[in-house]
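Subject: Structure handover

Hello,

Here is the structure I promised you. Please open it alongside this note, and then read on for what turned up.

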Amino acid sequence: MRTQGWPAHRVTGVDVWPYRVDRGSTEFLLLHRSGRDGAPFWQGVSGWIEDGEVPHLTALRELREETGLEAVELYAVDALFDLYAWKRGTVEAIVPFAARVSAEEQPRLSEEHDEWRWESLAVALGLVPYEPQRAALRRISEDILDRPELAHLYRIEPPEKSR
């Protein structure tokens with residue numbers, strides 16, 4: 001196995017896909033990056049894991065920091081994606097999560113984003129630019145939302161018990 005000369009590979013970030021169920025319809029929260037750190041685009045919540053932090057607690061923290069929302073339920077998404085962070089010379093592994101939030105709450109944006117919207121899966125798939133984002137959204141729909149009898153397999157312990 002060749003290891004010399006290859007960039008380090010490490011789990012460094014999370015993507016969180018907040019969703020709500022409102023009158024029987026599921027909607028995903030999409031955030032529009034303001035463009036202050038690169039090109040603007042639509043995404044879920046994203047963030048870097050801090051030293052000593054586990055990914056699912058990072059997901060809860062980032063959700064709170066970027067939207068002011070709390071997860072009612074948190075799910076692991078059976079997907080993982082890598083990206084090459086060329087400025088750092090590393091391969092970053094990003095862990096996705098699904099966070100069900102209260103249908104009544106609305107987000108309060110951080111300075112990272114300039115717009116938000118609730119959208120159906122079909123619209124969300126058309127707005128996010130990266131295939132790993134679309135793959136995570138599809139997995140959330142297929143594994144958690146479309147098969148509620150199996151969702152418990154992906155559910156992470158209630159957030160208040162994880163802290």
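How much accessible surface does the protein have, and what share of it belongs to carbon and sulfur atoms? The accessible surface is about 9,000 Å². Carbon and sulfur atoms hold 50% of that. Please keep in mind that this is a predicted model.

**Overall build**

The protein has 4 helices and 9 strands. Starting at the N terminus, their order is β-β-β-β-α-β-β-β-β-α-α-β-α. Along the principal axes, the C-alpha atoms fill a box of roughly 55 × 35 × 30 Å.

Of the 163 residues, 43% count as buried. Now take the contacts between residues at least 6 apart in sequence: 68% of these join residues at least 24 apart.

On charge, there are 20 positive and 29 negative side chains. The centres of the two sets lie 2 Å apart.

Helix α1 covers residues 55-67, which is 13 residues. From first C-alpha to last, α1 reaches 18 Å, close to the 18 Å expected at 1.5 Å a residue. Its buried residues are Thr58, Ala59, Leu60, Arg61, Glu62, Leu63, Glu66 and Thr67. Note that charged side chains are on that list, including Arg61 and Glu62.

Helix α3 covers residues 131-145, which is 15 residues. α3 reaches 20 Å between its first and last C-alpha, close to the expected 21 Å. Gln133, Ala136, Leu137, Ile140, Ser141, Asp143 and Ile144 are its buried residues. Two of these, Leu137 and Ile140, come up again below, as contacts of Phe28.

**Buried strand positions**

Is Phe28 buried or exposed? Phe28 is buried, because its relative accessible area is 1% and the cut-off for buried is under 20%. Phe28 lies in strand β2, residues 25-33. Leaving aside neighbours within four places in sequence, its contacts are these:

- Trp17, Pro18 and Tyr19
- Arg117, Trp118, Glu119, Ser120 and Leu121
- Leu137, Ile140 and Leu145

Phe28 and Arg100 are 72 residues apart in sequence. Their C-alpha atoms are 9.2 Å apart in space.

Gly13 is in strand β1, residues 9-22. Gly13 is buried too, with a relative accessible area of 0%. Which residues does Gly13 contact, beyond neighbours within four places in sequence? They are Gly47, Trp48, Ile49, Ala93, Ile94 and Val95. Trp48 is 35 residues away from Gly13 in sequence, yet the two C-alpha atoms are 4.2 Å apart.

**Exposed and partly exposed positions**

Arg23 sits in the loop between β1 and β2. Arg23 is exposed, because its relative accessible area is 78% and exposed means over 50%. Its phi is near 50 degrees, a positive value in a residue other than glycine. Most residues other than glycine have a negative phi.

Leu80 is in the loop between β5 (73-76) and β6 (81-85). Leu80 is exposed as well, at 54% relative accessible area. Setting aside residues up to four places away, Leu80 touches Ala93, Ile94, Val95 and Pro96. Ala93, Ile94 and Val95 are also contacts of Gly13. Leu80 and Ala135 are 55 residues apart along the chain, with 9.4 Å between their C-alpha atoms.

Asp114 belongs to strand β8, residues 113-119. How exposed is Asp114? Asp114 is partly exposed, with a relative accessible area of 45%. Beyond residues up to four places away, Asp114 touches His32, Arg33, Ser34 and Leu109. Ser34 is 80 residues from Asp114 in sequence, and their C-alpha atoms are 5.0 Å apart.

Best wishes

Methods: Residues numbered from 1 in each chain as written. Predicted model: local features only at pLDDT ≥ 70, side-chain atom pairs only at ≥ 80, totals over all residues. Heavy atoms only, no water. Helix = DSSP H or I, 4+ residues; strand = E, 2+ residues; numbered from the N terminus. Expected span 1.5 Å × (residues − 1). Buried < 20%, exposed > 50% of the residue type's maximum accessible area, 1.4 Å probe, protein only. Contact = heavy atoms within 4.5 Å. Areas by Shrake-Rupley, 256 points an atom, 1.4 Å probe, with all protein chains shown as cover. Charge placed at Lys NZ, Arg CZ, Asp CG, Glu CD.
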